[in-house]
Amino acid sequence: MGYLEEKKLEDEYIMHTFGRKPVQLVRGSGMSVWDDAGNEYLDFIAGIGVNSLGHCHPALVQALQEQENRLIHVSNYYYIEGRGHLAQRISDLINLKEPEDAEHWQTFFANSGAEANECAIKLVRLYARKRAADPTAPCDKRVIVTLQRSFHGRTLATLAATAQPVKQEVFQPLPDGFIATPPNDVAALQQLFDQMGSKICGVLIEPVQGESGVYPCTQEFLSQARLLTEQADALLMFDEVQCGIYRCGTYPFGFQHFDVMPDIIAMAKGIGGGVPMGACAARAHVSQAFEPGEHGSTFGGSNLAVAAANCVLSTIPQDGIAENVTRVGAYLADKLAELPHVKEVRGLGLMRAAEFDESVDAPALVLAALDEGLLLNAVGPHTLRFLPPLICTQEDVDVLAARLVELL
Ligand SMILES: Cc1ncc(COP(=O)(O)O)c(C=O)c1O
């Protein structure tokens, strides 16, 4: 079906929750995708940071085909081949940077970033409650601190955690028990703990805020969050849905760039390379708060998603992809900084934003770039965000930069 027919049907029968670009993508390979008319695009958004190995990586296609031919889904009532190994792998990756302090991490598998965060939110509340003097009584220690400008998902609880009033307003009332503090403001965080530390059960932070425009946290702020949560007998949760799975280069997780270990980590996006998977990992003494029946998912950690994630997490180290992210990410940052009208370039690895002056209309630039064979993404009126596949090369960045110079 061609683009126009597809558009007509989708406009009529699909809920209008996204403003879609006028193109239907039907095929992909590596950094490129093609529309139904045969036009090629270099993809600098990668399904919103999902296609970590690029489009249709042969290893991922093979892993999926093999799994599809054997078993697609059986549910969490049963053991699933390769899932224990995947969870062990996640535990090892979390411990990678500080093997001498290695801890045992346990994972819950879900299907999306929002669900990974839902699990973290439920777990942190349950953990506080089960540690209370009377675990059967209502628990006072249930406030979760989040950061202004954050994004944690679109479900009601994750929307409540997403401290962006414009996104929340029309859906009130939202679940309560969330309080937002300004990012990187150590004094404000300290003040919050001084005022209500005994009520705080956890702090939820994106080490690099993604949706709001790629804003990394400072080392000082994350260290302080670690210290204050420890002192208040609360847990530190990192939302690594966007900045995790080698997106920031060198290490598997964004937080490993800051030398601060959390207690709970939510991840999703790149872990399945395009197959839906979310995961919430927690230190074992925390995760053991869950008992059978207290959390679950029909599809979470199903055979197909497990096969995909095992393939992604083994291919990235084998193919030197982490090093590629670091090298090409730095190159991308330099090239973006040289563009006309750029005021600031932010981010780590292949998670970058370019902030332009007010003469640049970023959404209009994204549309114009389609005609030049580029898939781009605007996260503000003057801000572009770049989340290409982790296999992006310097030559790809050169093409991007040359076309952007023309467009600007
Ligand atoms: C940091 C972060 N957390 C959570 C989410 C929600 O993930 P999903 O759309 O898979 O539910 C996103 C999505 O962009 C995200 O960037």
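Helices (H or I, at least four residues) and strands (E, at least two) are DSSP runs, numbered from the N terminus. This is a predicted model: local features need pLDDT of at least 70, side-chain atom pairs count only at pLDDT 80 or more, and totals for chains, interfaces and linings use all residues. Residue numbers start from 1 along each chain, following the sequence as written.

**Stop 1: a cis proline.** Select Pro173. Pro173 sits in the loop between helix H7 (165-168) and strand S6 (178-181). The peptide bond running from Gln172 to Pro173 is cis, with omega near 0°.

**Stop 2: the ligand.** Show the 15 residues around the ligand; Ser112, Gly113, Ala114, Val241 and Gln242 come nearest. A residue is near a molecule if its C-beta atom, placed from the backbone, lies within 6 Å of it. Helix H5 (residues 113-131) gives the largest share of this shell, three residues. By class, the shell holds five nonpolar, seven polar and three charged residues. Here Ala, Val, Leu, Ile, Met, Phe, Trp, Tyr, Cys and Pro count as nonpolar, Asp, Glu, Lys and Arg as charged, and the others, Gly among them, as polar.

**Stop 3: Phe238.** Select Phe238 in strand S10 (residues 235-239). Is Phe238 buried or exposed? Phe238 is buried, as 29 other C-beta atoms lie within 10 Å. Buried takes 20 or more such atoms, exposed 12 or fewer, and partly exposed is in between, with C-beta atoms placed from the backbone. Leaving out residues up to four places away in sequence, Phe238 touches Ile205, Pro207, Phe255, Pro262 and Ile265. Contact means C-beta atoms, placed from the backbone, within 7 Å.

Stop 4: Tyr246 lies in the loop between S10 and strand S11 (264-267). Its phi is near 70°, a positive value in a residue other than glycine. Tyr246 is buried, with 28 other C-beta atoms within 10 Å. Now pick Asp259, in the loop between S10 and S11. Asp259 is not a glycine, yet has a positive phi of about 55°. Asp259 counts as exposed, with 12 C-beta neighbours inside 10 Å.

**Stop 5: the open sheet.** Colour the four strands of the open sheet, in the order S1-S2-S3-S15; the pairing is mixed. Two strands pair if DSSP finds at least two bridges between them. The edge strands, S1 (25-29) and S15 (374-375), each pair on one side only. Strand S3 (residues 40-43) pairs with S15 in the parallel sense over two bridges. Finish at Asp43, which stands opposite Leu375 in S15.

Definitions and conventions. Two residues are in contact if their C-beta atoms, placed from the backbone, lie within 7 Å.
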